[in-house]
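These are my notebook entries on one protein chain. I wished to record what could be looked up in its helices, its sheet and its charged pairs.

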Amino acid sequence: MKVTVCQLDPREDHADACLAALNTHMATENSEFVLLPEMCFSEWLAAAPTPDPARWERAALRHEDHIHRLWELDAAAVVGTRPIVNDLGSRRNQAYLWTRDRRAAVPIREKYYLPDEAGYWEHSWYDR
């Protein structure tokens, strides 16, 4: 199996071009599996020390939109992470597996180690 590990520019005006370039790479290299960067479909939420529920909601919606478009990559499987709010209202960083067969993000696990330091205010932004 050929694997692609990538970096994406999460800014809204760059995401489509990054995904198009990734799609081209996948086709050229005949890659079957993609490992995406952490919460890559929105700007890094935990860079700011104070959580903003509106930014979280926008990030969650952007991730859902892009996850629904992963079929465009023609990969057998994609692993990534996304911001979610669970049934109890707790914000989480959830890893998922997307497969060509299911065309859906299946939860794998939630991030447990959450630093709280400059640039990585994860414990402030979400729960374990």
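The entries below take these topics in turn.

**Entry 1. Ground rules**

I note that this is a predicted model, in which local features need pLDDT of at least 70 and side-chain atom pairs count only at pLDDT 80 or more, while totals for chains, interfaces and linings use all residues. Residues are numbered from 1 along each chain as its sequence is written, and side-chain values use heavy atoms, with hydrogens and water left out.

I took helices (H or I, at least four residues) and strands (E, at least two) as DSSP runs, numbered from the N terminus. I called a residue buried under 20% relative accessible area, exposed over 50%, and partly exposed in between, using a 1.4 Å probe and protein chains only.

**Entry 2. Helix α1**

I first checked the length of helix α1, residues 12–29. The expected span is 1.5 Å times one less than the number of residues. For the 18 residues of α1 this gives 26 Å, and the end C-alpha atoms are 26 Å apart, which agrees.

Which residues of α1 are buried? I found A15, L19, L22 and M26. They cover an arc of only 60° around the axis, which puts them on the same side of α1; the arc is that of the directions from the helix axis to the C-beta atoms. I recalled a general point here: an α-helix has 3.6 residues a turn, so residues three or four places apart point the same way.

The face turned away from the buried side of α1 carries the exposed residues D13, A17, A27 and T28. I then looked up what the buried residues of α1 pack against, and found β1 (3–5), β2 (33–35) and α2 (53–68); contact means heavy atoms within 4.5 Å. After α1 comes N30, whose phi is positive, near 55°.

**Entry 3. Helix α2**

I repeated the length check on α2: its 16 residues should span 22 Å at 1.5 Å a residue, and its end C-alpha atoms are 23 Å apart, which agrees. The buried residues of α2 are W56, A59, A60, R62, H63, H66 and I67. Seen down the axis of α2, they fall within an arc of 165°, so they line one face of the helix. P53, L61 and H68 are exposed on the other side of α2.

The partners of the buried residues of α2 are α1, β3, β4, β5 and α3 (122–125). α2 lies across β3 (77–85), β4 and β5, and runs at about 155° to β3. Such angles run from 0 to 180 degrees between N-to-C directions, with axes as lines fitted to C-alpha atoms, for helices over the stretch in contact.

**Entry 4. The sheet**

In what order do the strands of the open sheet stand? I read 5 strands in the order β1-β2-β3-β4-β5, with mixed pairing. β1 and β5 (105–110) stand at the edges with a single partner strand each, so one side of each is left without a neighbour in the sheet. Neighbouring strands of this sheet are turned by 35° against each other on average, direction ignored.

Two strands pair if DSSP finds at least two bridges between them. Strand β4 (residues 91–99) and β5 pair in the antiparallel sense over 5 bridges. L97 has V106 in β5 as its bridge partner.

**Entry 5. Salt bridges**

I counted a salt bridge where a side-chain nitrogen of Lys or Arg lies within 4 Å of a carboxyl oxygen of Asp or Glu. The structure holds 9 salt bridges.

One of them joins the side chains of R69 and D16 (3.0 Å, N to O). R69 lies in the loop between α2 and β3 and D16 in helix α1, so the pair ties together parts that are 53 residues apart in sequence. R69 is partly exposed at 24% relative accessibility, and D16 is partly exposed at 46%. D16, R69 and E72 are linked in a network of salt bridges.

Another joins the side chains of E38 and K111 (2.8 Å, N to O). E38 lies in the loop between β2 and α2 and K111 in the loop between β5 and β6 (116–117), so this pair ties together parts that are 73 residues apart in sequence. E38 is partly exposed at 34%, as is K111 at 21%.

I also looked up D74 and R100, whose closest N and O atoms are 3.8 Å apart in their salt bridge. D74 lies in the loop between α2 and β3 and R100 in the loop between β4 and β5, 26 residues apart. D74 is exposed at 53%, whereas R100 is partly exposed at 39%.
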